[in-house]
Amino acid sequence: VHGDDHAHPGGMGCGFFKLWSQGKLEGIPPPEFNSEEGKDAVIEAGGVYETLFGNHEEKIVYINFVPGTTLEPKAGEQRFVVDAWLTGSFDLDVPKYLIAAASTVEQLKGPLKAKLIVPNPALTPEDVVGVLQGRNWEAEIVHEKDVSDLVKVTPEGIMKCVDGRPSDHPGMSGPKSLGGVYAIATNRGVTDIDGLKKIVAEVIAAGHIPSVHGDDHAHPGGMGCGFFKLWSQGKLEGIPPPEFNSEE
């Protein structure tokens with residue numbers, strides 16, 4: 001929470017808290033504690049109190065819907081920043097959250113001008129179909145309800161290659177990617193062993209079992225992964241080959 005350098009007490013320097021404590025946010029009951037009690041409670045529970053300086057000079061309100069991102073304050077170019085994606089993180093009432101934000105800006109005589117930051121458009125199934133058809137594939141869209149053997153990914157399943165051949169490993173309910181963990185390496189341009197090991201650790205931290213594969217007739221066995229073989233031979237356009245071989 002925050003205060004500022006000229007309010008008395010300092011915690012009332014948060015305009016939002018001041019309006020809340022005065023019952024000026026429609027539909028939101030005021031707190032049963034004052035600004036200093038709230039500050040002390042937050043600090044005691046492990047939070048932080050910050051002091052802001054100067055007066056409000058915001059020129060615009062940014063409402064940010066891009067998960068996991070924010071805008072840092074600019075002293076010479078003040079803006080209100082509302083990270084709306086937090087509503088999903090904390091299961092908040094979205095209209096209530098945004099109306100409270102708008103009311104706060106209005107009552108603080110802030111700018112009635114907003115820019116909504118939204119994620120870049122996601123790649124759609126139609127986009128993928130278009131790309132594949134452009135490469136002379138046959139491609140169609142099917143719905144989840146029509147794929148009867150679609151199963152939930154489980155922690156016991158390995159993150160494995162897209163290869164459809166039978167395996168000696170029982171954990172087939174993990175996510176499928178090109179060459180298993182090699183998919184991440186090639187996408188990021190990682191070509192060294194240390195980088196590969198870091199990717200393995202990252203996959204484990206994400207709750208999956210990292211894997212690569214070979215087959216029963218390639219020599220050496222690891223070259224039985226067609227994706228790794230193409231990668232190692234420099235046959236994947238725009239992707240530098242690895243500095244290690246299949247066995248390494």
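In this predicted model, buried residues account for 29% of the 248 residues in the chain. The accessible surface amounts to about 17,000 Å², and 56% of that area belongs to carbon and sulfur atoms. Eight helices and seven strands make up the secondary structure of the chain. The radius of gyration is 27 Å, well over the 18 Å that the globule rule gives for 248 residues, so the chain is more spread out than a compact globule. Along the principal axes, the C-alpha atoms fill a box of roughly 80 × 40 × 35 Å. Among contacts between residues at least 6 apart in sequence, 46% join residues that are at least 24 apart. As for charge, the mean positions of the 21 positive and 36 negative charges lie 5 Å apart.

The largest nonpolar core has 16 residues, of which Tyr182, Ile199, Val203, Phe228, Trp231 and Phe244 touch the most other members. Helix H6 (182-188), helix H7 (193-205) and helix H8 (226-232) each contribute at least two residues to this core. Leaving aside residues up to four places away in sequence, Phe228 touches Tyr182, Met223, Pro242, Phe244, Asn245 and Ser246.

| Cis peptide bond | Omega |
|---|---|
| His8 to Pro9 | near -5° |
| His219 to Pro220 | about -5° |

Pro9 sits in the loop between strand S1 (2-4) and helix H1 (15-21), whereas Pro220 belongs to the loop between strand S7 (209-210) and H8.

Positive phi values also occur outside glycine. Asp91, which is not a glycine, has a positive phi of about 55° and is found in the loop between helix H3 (86-89) and helix H4 (94-107). With a relative accessibility of 73%, Asp91 counts as exposed. For Asn136, likewise a residue other than glycine, phi is positive and near 70°; Asn136 lies in the loop between H5 and strand S6 (158-159) and, at 74% relative accessibility, counts as exposed.

Helix H5 (residues 125-134) contains Gly130, which is partly exposed, with a relative accessible area of 40%. Between the C-alpha atoms of Gly130 and Leu230, which are 100 residues apart along the chain, the separation is 25 Å.

Notes:
Residues numbered from 1 in each chain as written. Predicted model: local features only at pLDDT ≥ 70, side-chain atom pairs only at ≥ 80, totals over all residues. Heavy atoms only, no water. Core = buried A, V, L, I, M, F, W, Y, C linked by side-chain atoms within 4.5 Å. Buried < 20%, exposed > 50% of the residue type's maximum accessible area, 1.4 Å probe, protein only. Helix = DSSP H or I, 4+ residues; strand = E, 2+ residues; numbered from the N terminus. Contact = heavy atoms within 4.5 Å. Rg over C-alpha atoms; globule rule 2.2 N^0.38 Å. Areas by Shrake-Rupley, 256 points an atom, 1.4 Å probe, with all protein chains shown as cover. Lys, Arg positive; Asp, Glu negative; His and termini not counted. Charge placed at Lys NZ, Arg CZ, Asp CG, Glu CD.
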